[in-house]
Amino acid sequence: MYILIQLTKKCIDAFKINPIEIPLYEDSQYKWYGHLFLVNRRNLLVLMHVETGYNIVLFGFTTRQLKAITKQLNAAMRDSMLKLGIEAAIVDRFFDLGGSINYSKTDDKFLITKIANFQEYIDLHKDLLNAKELIQFRFMEKVNHYYID
């Protein structure tokens, strides 16, 4: 088993990733979609969990950080879960069972549209973005309230 992040073409090009073929992947608790936005000439990556609609937002990362994107995403997912109050043992178990992160192209047009419409939330709440922090917890609290409630 592995964590599958399906990326838009814009992400794949920016990260210079060779995606795997889109597999038949039925375990949606390990499936995410990713899209890259540009806000004030800075990168903003949104990862949306397929099953829950929960979003992880990374902002202001550099080209050097892009080269280590898998490590950054793994840390962001882990930190976000801990910040939500999920016990560390459960988070560790999730990553132990999920295994490594693999990337593929997006395959669900509805979710592609949903994540692309995230621009509306960026425009509404970009004042909450902090370029000094990679993981945007304040921004995430606000936008996840809309998506999950």
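The following legends describe close-up views of a predicted model.

**View 1. The five-stranded sheet.** An open sheet is built from five strands in the order E4-E3-E2-E1-E5, and its pairing is mixed. Strand E4 (55-59) and strand E5 (101-105) form the edges, each pairing on one side only. On average, neighbouring strands of this sheet are turned by 25° against each other, direction ignored. Strands of a sheet pair through backbone hydrogen bonds, in either a parallel or an antiparallel sense.

**View 2. Pairing of strands E1 and E5.** Strand E1 (residues 3-7) runs parallel to E5, and five bridges join the two strands. Leu 4 has Asn 102 of E5 as its bridge partner.

View 3. Just after the helix, Gly 85 adopts a positive phi of about 95°.

**View 4. The aromatic pair Phe 94 and Phe 95.** The model contains five aromatic pairs. One of them joins Phe 94 and Phe 95 in an edge-to-face arrangement, with 5.2 Å centre to centre and 85° between the planes. Phe 94 and Phe 95 are both buried.

**View 5. The aromatic pair Phe 118 and Phe 139.** The ring centres of Phe 118 and Phe 139 are 6.2 Å apart and the planes stand at 65°, so this pair is edge-to-face. Because Phe 118 lies in the loop between helix H5 (109-116) and helix H6 (119-125), whereas Phe 139 belongs to helix H7 (residues 137-148), the pair ties together parts that are 21 residues apart in sequence. Both Phe 118 and Phe 139 are buried. Together with Phe 37 and Tyr 121, Phe 118 and Phe 139 form one aromatic cluster.

**View 6. Charged side chains over aromatic rings.** Arg 78 lies over the face of Phe 95, at 4.3 Å from the ring centre. Lys 83 is positioned over the face of Phe 137, at 5.1 Å from the centre of that ring.

Conventions:
Residues are numbered from 1 along each chain as its sequence is written. This is a predicted model: local features need pLDDT of at least 70, side-chain atom pairs count only at pLDDT 80 or more; totals for chains, interfaces and linings use all residues. Side-chain values use heavy atoms; hydrogens and water are left out. Rings of Phe, Tyr and Trp (its six-membered ring) pair if their centres lie within 6.5 Å; planes under 30 degrees apart count as stacked, over 60 as edge-to-face and the rest as tilted. Buried means under 20% relative accessible area, exposed over 50%, partly exposed in between (1.4 Å probe, protein chains only). Helices (H or I, at least four residues) and strands (E, at least two) are DSSP runs, numbered from the N terminus. A charge sits over a ring if NZ of Lys or CZ of Arg is within 6 Å of the ring centre and within 35 degrees of the ring normal. Two strands pair if DSSP finds at least two bridges between them. Axes are lines fitted to C-alpha atoms, for helices over the stretch in contact, and angles run from 0 to 180 degrees between N-to-C directions.
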